[in-house]
Each structure stands twice: as C-alpha cells, then as structure tokens.
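Colleague: I have some terms to check against this model before I use them. Could you go through them with me?

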Amino acid sequence: MSSGEIFIVVFITAIILVSAALVIAMLISPRSTNEQKGEPYECGIPTRGTSWMQFKIGYYLFAILFLMFDVETVLLFPWAVIMKSLGVMGLCSVLFFLFILVLGLAYAWKKGALEWK
Amino acid sequence: MEFLTAYLTANNIIFFILAAIILVFGFLSVTTTKILRAATYLFFVLFAIAGLYLLLTYEFIAAVQLSVYAGGIVVLLVFAILLVKNLGEETEKVSCQKKLVSAIAAISGVVISLVTLFGFGFQNNESADELTANVNMETIGHTLMGVEKYQYLLPFEAASVFLLACIIGSVVVATNLKKEDKK
Amino acid sequence: MLELDKFIEWIHSSLLYLIGLDWVVSLIEYVLIGVAFLSLYAVLALILIYVERKICAFFQCRLGPTRVGPWGLFQSIADMVKILLKEIIRIDKTDQLIFKVAPFIVIIGSFCTFGALQFGRGLHGVDFNVGLFYMLAISSLGVVGILLAGWASNNKYTLIGAMRSGAQLVSYELSAGISLLTMVIISGSLNLTDIIEGQANAWYIFQAPLPALIAFVIYLIAGHAETNRGPFDLPEAESELTAGYHTEYSGIQFGFFYLAEYLNMFIIAAIAATVFLGGWQPFHINADWAASFNGIMDCIPTWAWFFGKVFALIFLSLWVRWTFPRLRIDQLLKLEWKILMPISLVNLLLMAVWVLIF
C-alpha cells in the first residue's frame, strides 16, 4: 500500500470523525432556545458594538516576517538533506544565504519592528 | 464502455474530484460578498492544489504548497483582512460594467492558457515517466546547490536577496503604519 | 517478543487467503487502517486527559479524579459521554459556515500529522519521502482553523484569543522547523523510516551532543508553545479571555478543540522522541563490551520504547506547565524572535560545521 493511499484514508477518517461526532451529538443532545442563549458571551454584560472591527497592525507584521522565514526554511530543507556530501562548498553557500537573511532580521530588530507596542 | 473503464482509474477519479473542488471553491471565493469567507474558500483551493501535487508524487512540492501557501499565505491574508475597516459589512455589489470587463478578462485568460496547453506537444513516452518518478530529496538538493548546467545555486542565493527585500519592505510599511496609528 | 508488525502481515495474508479479490482486500484494509487510527487517536486522548488531571493534581498536592472507577480511571470516559450529551448552542450573528468548518480544519491538521507517526518497527501509516517536512507542513494548518474559529464567533474574547494564538503559533513554528532542520543535516534524509534506522547504534542526540542538545531544548520550548499550554497559554488565559478562541463553542464542537489540543501535545512529544531520541529504537551502547546490555534492551518491544519516550516528554511538558507563570505577549514574542530564532540559526551552522569535522 502506498503512502498516498493511506494519506487519503487518514484524511477521510478525520472528516468522518468530526462529522460522526457532530451527528451523534445532534441526535442525543437536548435543544432549547431563548433570546439570551444566542447572545455572545461577555461575562453577562450586554455586548457593545460589533467584534468584526479593525485590528492591530502588530500581528500582521509578525505574520509577514513568519512567511519570509518560512520560505527560507523551505529552501534550506533540500540543502540540509545533502549537507554531508556537499562539504565545505555547501557550508559556504548557505553561510552567504543565511548572512543576507540575518541582515533582514537585524534590520527589523533595529527598527523596533520586533518590539510589541 | 471500454473507453470509460480505461479512463476511470483511481488517479483520474481523484484528479477530477480535486479539480472540481478547486474550480467550485475558486469560483465561490471570487463571488462571495463576505471577505473572510473568500479567504476560507481560497484555503480550500490551495489545499486541493497540494493534493494535485501529491497525485503527481511530487511530495516535496505538495508539502511546500501546504506549508507556505495553505499554512502561511492564508494566515497572512487573515491578518491582513483584519486590518480592514467595517469588516462585518458585506462588500458592495459590483457594477455591470465591471462585471463585463472582468468576464472578458477571465475568458481571454482561459483561452490563452488553453491555446498554449493544446499547442504544446506533450510526449507520452517512458523516459518522461522515469524523469518524474525519481525526484527524491537528494536530486532536488543537488540540483539546487550545484553550479553546473541545469543547476541552480545562483537563483538560490538570489532568493535570499529577494527575501531580504521583502523583509525590509514589510518592516518599513508596518513601522510607518504604526506611527500613524499612534497619531 | 511482542511485535505488532508480524500481526499486521498475518492479517494481510489471511485476508488474501480468505477473500482472494484484491480490491476487496484493499478496501477492508483501508477501513481497518481508518478504524485503527481513529481508535488510537481517541484512546490516547482519553489517556492523556486522565494522566494530565492526575499529574496536575499531584503537583498541586491534590488527589485529582477519584470517584468514577478505581483511582478515577473512568473519569475521562464519563467526560466524553457527558460532552456528547451537552447542548450545542447556536449563537446569533456568527458566521455559521466558518464557525462550523473551523473544527474540521483543526482536527484534520492534527489527525493527518498523527497518521505519519511511527509507533514501532513496521508500525506506521503514511510514510512519505519528505515525512518530517510533511508533518511540519500539515500541522501548520491548525493555525488557520483557530483564526477562523475566533473570528467567526463574533465575540471580542475569541477574536483577541485567536489573534494571539495565531501570532504565537506561526512565530514558534519557525524555531521548531529550524531545529528539526538541524537534525536533518545529520540524518541526511527527511523520511521518518530512514531517520529512525539511522539511530540504531546511537540516538541522534548522542551522535552530535552539543548542537543536537541545543536543538532539542529549542524544539521542546517551541513545541510546548505550539500546543498553547503551560507558560505560553495566553491565547486562552482564563483570567483575561475566558477561554480564548473557543469561548463560543459548546458541547462536542468545543470537544474537537480540546481533543486536538491534547493530541497536539502527544504529536509534539512524538516528533521530539522520533528525531532526537531514536523513535522506537531501543537504547544501545555502541561498544563491544555492551553487546549483552544491547540484547537485553532489544527484548523490550519497540512500541513500548516509543510510548515510553513520548510519555516521559509529556511528563516534562506537564511539569513545565505547572512550574512557570504565564508570559505576557511582548515577552512571548521577544523570546521567540530575539532569543530562540538567532540561537537556532547559529545552531544550524554549528551543526553543519560539526558534521564536516567529525
């Protein structure tokens, strides 16, 4: 059996797990409605305004920094696999690669982008 | 009938399911009026594309697709969407003129890619199968890290400069926005 | 010896003998695989919840669950039934579609990672060439589920919880990824079978003691943060945010997040055990005089080695959880971006140099 087939089996099992549990719960759990049950939970105080509002930019900055370094990790995986056979040459090329990326990290650090304000 | 049974292999069935998912959710993600739902549908599209790569046994590319696109870009998009004002409201309906223009653009895009696809002489021979079957991590690594013909060390290093530019750009934009936020 | 791979082969051959039709046999085997993973997943969740409650109780000089069954052993089963019986409350003004889809994404992310683990010799499901990278990639889907869940609930607590959780998970994913990358240099393969076979004589943590140990510690910290627990539990800091991103989920829908959280703890510990501590490989001393010692170690079944290592790491994680106070979000991001990231990048180069020299 190939891994691809097992992957599909596992994937479908995950979906079945969630849907089956949901269906069982729907069948055996009680149901009742009243006005207050439908309100968002905010410790008993009526909620003010909508929660779908503009949010802080700080999170976005960390997300984009994450993406850059994620791409870097992805590019380094093929290198890491053959590092042993590449020898000094492989080390030097990655040294250059990482040096340039660390420049980026240092720039973000110096500009205070890594601070949480 | 014979044609059908020859065509209905497991691979083909999975391909058509994935293609249907990609098309349906792709269409939904452009037509929905709620912006975060569009991101959700896009997530399904990206996930299904990873499935396509897996079907071709390009496991590395499939994992890259999952990690960078489905796990990275979508998160970035969600954070970006949360910077929008009046997020809960539905976006306004698009005018007829805009619809027409974008339909023409989309159709011409489809036509161009179809012409290119059918114009390309695909060869169905065994050497091509061998080429794709043996892509393991060592091959990818040696191709990426070598300096000879058809090896790509220079683009690899150039990618780091590109990433540096992205980091600096995002930091500049974000720190400027932060200052505006404070004012 | 009690090895399960022989048992699996026996099932396969007897099914072929009994039925004979290839595709029926594969179909039955697919169902068996699904059921096996499903039951292992569920049983592990029950065990983990019980173990956690009991150990936490001992850390706090309490007794923990004692009423249901001997030593409260059936407490988590009772809880499971109870959670199925709870009402699923439908909140107005939520985005119902995304609200319902989010638990699916979270569970798929954790279950597909779980499917790639190697529990013993020949006892594994998905085994891709890029196994380790695949696990990193697919486990990162959980973040999307959490973000969507928090946003769709239309509640301020859930939104803040989801945002914090998203920033934390993506940040710590980086140093977890880089520390695994460090180990890939020494293993020379991403395939989990190869990685484990490479540790037959000595676990990787002993093969390159200094860089491997640094990577191990960084992976444990980052992995612990990725499970949203312990000192890193500010996405669901109960005193500030009620329950974080799953505040509005009730009944079994909440149960899915709960399930995924506990299993993620197991998965993180399992990856650490596989990559650093030899997976299901017994402890061997690579020397002539230790041959009889190695023989004794081989007598313990491989799956017992695997689960032993994993539960030891889980115990460590629980210990950390009840020892350190919660971090603030600025401290959390500072720890990742200013301490763990630079150290893991330097450690990557250190490992490359180490491999070249030795």
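Modeller: Go ahead; bear in mind that the model is predicted.

Colleague: Into which domains is chain B divided, and how do you know the bounds?

Modeller: Chain B is split into domain 1 (2-140) and domain 2 (141-183). The bounds come from an automatic or database domain assignment. Where the two domains touch, domain 1 of chain B supplies 4 residues and domain 2 of chain B supplies 4 residues. On the side of domain 1 of chain B, these are 2 nonpolar, 1 polar and 1 charged.

Colleague: What secondary structure does chain B have?

Modeller: Chain B has 8 helices and 0 strands. Buried residues are 23% of its 183 residues. Of the contacts in chain B with a separation of 6 or more, 47% join residues 24 or more positions apart.

Colleague: How confident is the predictor in chain B?

Modeller: The mean pLDDT of chain B is 81, and 83% of the residues score at least 70.

Colleague: What makes α5(C) largely enclosed?

Modeller: A residue is buried if 20 or more other C-beta atoms lie within 10 Å of its own. In α5(C), 9 of the 9 residues are buried, so the helix is largely enclosed by the rest of the structure. Among them are C:Leu132, C:Phe133, C:Tyr134 and C:Ser139.

Colleague: Which elements of chain C face chain B, and what class are the residues there?

Modeller: The contact takes 21 residues from chain C and 17 residues from chain B. On the chain C side, α4 (96-114), α5 (131-139), α6 (141-152) and α7 (156-187) each supply at least two residues. α6(C) gives the most, with 6 residues. By class, that side has 18 nonpolar, 3 polar and no charged residues.

Colleague: How many residues do chains A and C bring to their contact?

Modeller: Chain A brings 51 residues and chain C brings 62 residues. In chain A, α1 (3-28), α2 and α3 (88-110) each give two or more, and α1(A) gives the most, with 16 residues. The chain A side divides into 38 nonpolar, 8 polar and 5 charged.

Colleague: What makes the largest nonpolar core a core, and which residues have the most contacts inside it?

Modeller: Its members are buried nonpolar residues joined through C-beta atoms within 7 Å. The largest such set has 183 residues, and those with the most contacts inside it include A:Ala63, C:Leu148, C:Val184 and C:Phe266. Helix α2 (residues 57-86) of chain A gives the most to this core, with 21 residues. Beyond its neighbours within four places in sequence, C:Val184 is in contact with A:Phe77, A:Ala80, A:Val81, C:Leu132 and C:Leu190.

Colleague: How far apart are the centres of the two domains of chain C, and how do you know that the domains touch?

Modeller: Chain C is divided into domain 1 (1-85) and domain 2 (90-357). Their C-alpha centres lie 21 Å apart. Contact is judged by C-beta atoms within 7 Å, and 18 residues of domain 1 of chain C are in contact with 23 residues of domain 2 of chain C. On the domain 1 side, α2(C) gives the most, with 11 residues. That side has 15 nonpolar, no polar and 3 charged residues.

Definitions and conventions:
Residues are numbered from 1 along each chain as its sequence is written. Chains are lettered from A and ligands numbered from 1 in the order in which they are written. This is a predicted model: local features need pLDDT of at least 70, side-chain atom pairs count only at pLDDT 80 or more; totals for chains, interfaces and linings use all residues. Helices (H or I, at least four residues) and strands (E, at least two) are DSSP runs, numbered from the N terminus. Ala, Val, Leu, Ile, Met, Phe, Trp, Tyr, Cys and Pro count as nonpolar, Asp, Glu, Lys and Arg as charged, and the others, Gly among them, as polar. A residue is buried if 20 or more other C-beta atoms lie within 10 Å of its own, exposed if 12 or fewer, and partly exposed in between; C-beta atoms are placed from the backbone. pLDDT is the predictor's confidence in each residue, from 0 to 100.
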